Amino acid sequence: MGQPPRNFMARSARAALLALSLASLNFAANPAFAQIRINEIFPNPVGANETGLEWIEIYNAGPSAVNMTGWAIDDAVTIGTSAVRARIPEDLDAACNSSAIIGPGEYRVIRPIATSINLNNGGDDVYLVSDRLVSATVVQLVTYPSSSLNEGQSWACIPNGTTSFAFRAATMCASNGGAAGDVTAPATVNDLNAVPGSLPGEIRLTWTAPGDDGATGTASAYIMRVSHSAITAGTFDAVADIDRWIIESAPHAGGTPETLFVFGLDPDSTWHFALKTQDEVPNTSAISNDSGTAPLAGTLLNPDLGYTPYFGNLHSHTSYSDGVQTPAQAFSYARTGAPTPLDFLAVTDHNHSGAGMSLPSYALGMAEAAGANSDGNFVAIWGQEWGIIATGGHANVFEAPVLFGWEAGNYDTFVAQTDYTGLYSAFLAQPPEGFPPVVEWCHPASGDFNNYAITTDSRKVVHLMSMISGPAFSTSTTESDVGSTTGNEILFQDALRLGHRVSPTGDQDNHEATWGASTQTRTVVQASGLTKNEILGALSKRRCYASQDHNTEVQFSADGRSMGTAWSSANGVRIAVKVIEPDVGGEVSQIDLLRGITGVSNAVVVASSVGNSSFAWRERTTFAPGTEAHYYVRIRKNDNSTIWTGPVYVTYDPAGPTAVGDPVIGSELAMAVGPNPSFGRVTASFTLPRDARQADLAVYDAAGRRVTTLLAGPLAAGTHSVTWTGLDDHQRSAPAGIFFLRLATEGRSVVSKVLLIR
């Protein structure tokens, strides 16, 4: 790169260290305070005035008391500050218990005051931290989704102190579920079976779900372990949790067949599995039988596609609008003066005189960027931040040869102040010479950019959307401030659902002489070289990710394709990720894979792993022909930072094969579903040509989540009709929308789509 901006190890050395770290499957116990867990989050009390009514419940799931003096609750905004937090014990609710010393099985409730953290109804991150006056060490992070449809309910886990969260009736300062005096544990699983999956590195686990009390009811959670040796009752707690590869789903009703695929396992090793089951108390079952196998032989999907990560900032200002100094000085500082020098910087001064721009300054800034650019060493990008926040938002337009504007005498090309779709068309008509046209949406807000209007021209130029921004007027030159992410991921998901293809960026939005120095926030571009053409070319292909860390490398492959790519496939997508972190303390805490359905639903988490820098997964859901699913990865790190990858977009081929490894639809199995559309009752009619030892009929929503199981077990040959009443497994009415009824028997399956109207 010309200069060493990061203290990266050589790739071979990093790979060796990663291999060494995963060589052993026995891990040390967590620190004692890790037994303290967030148990309930109450973000949306009934009524408009929520001041003082929101709360977070904490639970001690361990065997000993813990002194929480100096601890705190943070959200996505306050995690980067020290002055504004919900404090322990100062903000504990005395109606529960105001002591900072929490004993085993005890609860504490903390109520944020009006000037403290805010639990957003649209979803938020909630951090439990210790040492709030020193380093704010994260004990636990819980992310809850939008609560707009769950007013008066809490985001609570069952069993208490676990990670099995859902919206439930609030039970402040009390157990989240379970009858008093319940001492009956779930039954012991004795039919766990591990067999090779359909592709290298995969193992398919099957077993029969036990009940909540013995074989009756529905249990709350599985605890599954994995080892290279047979697992016994004596070794169960010492070997690795399967969460390192994939977090297991909640149990189904007793007697229901369960299946879990584990991906990314070394094909040259034998892997053993065993599990226990918990109810809501939690009472815990005895250990299951041990079952082991080697995965299918072959080569795992390689996340490294050969690109080099380049770290930079796409949003900054100088005195040519409302910042300081000149673009030439900004580029020089970012290249050599910042504590972690940048590979590229975009100066994006405002396009209008109200923020200080003049037509001569725009031409001068472009010339200074051309002079500062040094392909192979540093890329200097010139741009304009177009628009006004109060009238629709800001959009960065990179390397445009003209100034777009609306003020008489202060533009080269007229575009009305609020006409974002007109801006895209004007940019296409006057694109950069020698570079692709790229537009980035900055610090987005609801309703911006003509309400996120999508046009033919927007699809050609809008490739980026800020996930992290600012603080715009930070004076830090030690990377000590933290950019805001509040609400941005939900807006990002909205844009993807609407059909925009945008990758996330991390912006500093510098208005002071802090270019590249105010925060660790970076946009990381995966390119084949450090040239302006390569960087802008990669950005136009959406091959980038947003990072709150200044040197973490993320390798990403989806069927051998890079982030930002769109394609059609007859099979379920395979995704592989590797995170390379050169700094001690910044190791991976959790990796989440999110999937949304374009035109239908926002992205939701479909798979997660904990404490592992590598992640692998394969889509096994069957989608209606022509469905486009988009996928991206969110990486949480132990140093509190987060990384978001660029999405990929997969249209499942109208030819209609099921996902890789699933049974092929056969001509002898058919199902009629009606009425369609339906106002609440749907009947599935089908004929089995022969007896089935196992038949499964289930309803799934548009995001691929199982809503309810209608049929599970043996079924005789002949004609059958099964009615879905529009309720989910919890007897709640499913919302209006598209649903899929999937019938699977031994070796065959069929799917029918139905529209539910409310």
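1. The backbone oxygen of Ser269 lies 3.5 Å from a polar atom of the Trp271 side chain, and the backbone oxygen of Asp266 lies 3.0 Å from a polar atom of that side chain; a polar contact is here a pair of N or O atoms within 3.5 Å, where, within protein, one must be able to donate a hydrogen and the other to accept it, and residues adjacent in sequence count only if both atoms are side-chain atoms. Trp271 itself is placed in strand 17, residues 271-278, with strands (E, at least two residues) and helices (H or I, at least four) taken as DSSP runs and numbered from the N terminus. At 5% relative accessibility Trp271 counts as buried, a word that stands for under 20% relative accessible area, with exposed meaning over 50% and partly exposed in between (1.4 Å probe, protein chains only). The C-alpha atoms of Trp271 and His228 are separated by 4.9 Å, although these residues are 43 apart along the chain.

2. On the basis of these values: this is a predicted model, in which local features need pLDDT of at least 70 and side-chain atom pairs count only at pLDDT 80 or more, while totals for chains, interfaces and linings use all residues. Residues are numbered from 1 along each chain as its sequence is written, and side-chain values use heavy atoms, with hydrogens and water left out.

3. On the cysteines, a search of the whole structure finds one disulfide, defined as a pair of cysteine sulfur atoms within 2.5 Å. This disulfide joins Cys96 to Cys173, with an S to S distance of 2.0 Å, and the link is right-handed, with 70 degrees about the S-S bond. The pair links distant parts of the chain, 77 residues apart, since Cys96 is in the loop between strand 5 and strand 6 (101-102), whereas Cys173 is in the loop between strand 11 (165-169) and strand 12 (193-196). Cys96 is buried, with a relative accessible area of 17%, while Cys173, at 28% relative accessibility, counts as partly exposed.

4. Which cysteine sulfur is closest to that of Cys157? The closest is in Cys173, at 15 Å, which is too far for a bond, and Cys157 counts as buried at 0% relative accessibility. Cys442 is likewise in no disulfide, the nearest cysteine sulfur, that of Cys544, being 13 Å away; Cys442 counts as buried at 0% relative accessibility.

5. Four strands form an open sheet in the order 5-4-8-9, with antiparallel pairing, where two strands are said to pair if DSSP finds at least two bridges between them. Strand 5 (86-87) and strand 9 (137-144) stand at the edges and have a single partner strand each, so one side of each is left without a neighbour in the sheet. Strand 4 (residues 72-75) is joined to strand 5 by two bridges, and Ile73 has Ala86 of strand 5 as its bridge partner.

6. The whole-structure search finds one cavity of 30 Å³ or more, and about 90 Å³ of space lies in the largest cavity. A cavity is a set of points, on a 1 Å grid over the protein atoms alone, where a 1.4 Å probe fits but cannot get out, and lining residues have an atom within 4 Å of a point; grid points are joined across faces, edges and corners, and a volume is the space filled by probe spheres set on the points. The lining of the largest cavity has 13 residues, with Asp304, Tyr307, Gln526, Val554 and Gln555 nearest its centre. Strand 19 (308-313) and strand 30 (553-558) are the elements that give two or more residues to this lining, and strand 30 gives the largest share, four residues.

Conventions: 1 Å grid on protein atoms, 1.4 Å probe; cavity = no way out; pocket = protein on both sides within 12 Å on 5 of 7 lines; lining within 4 Å.
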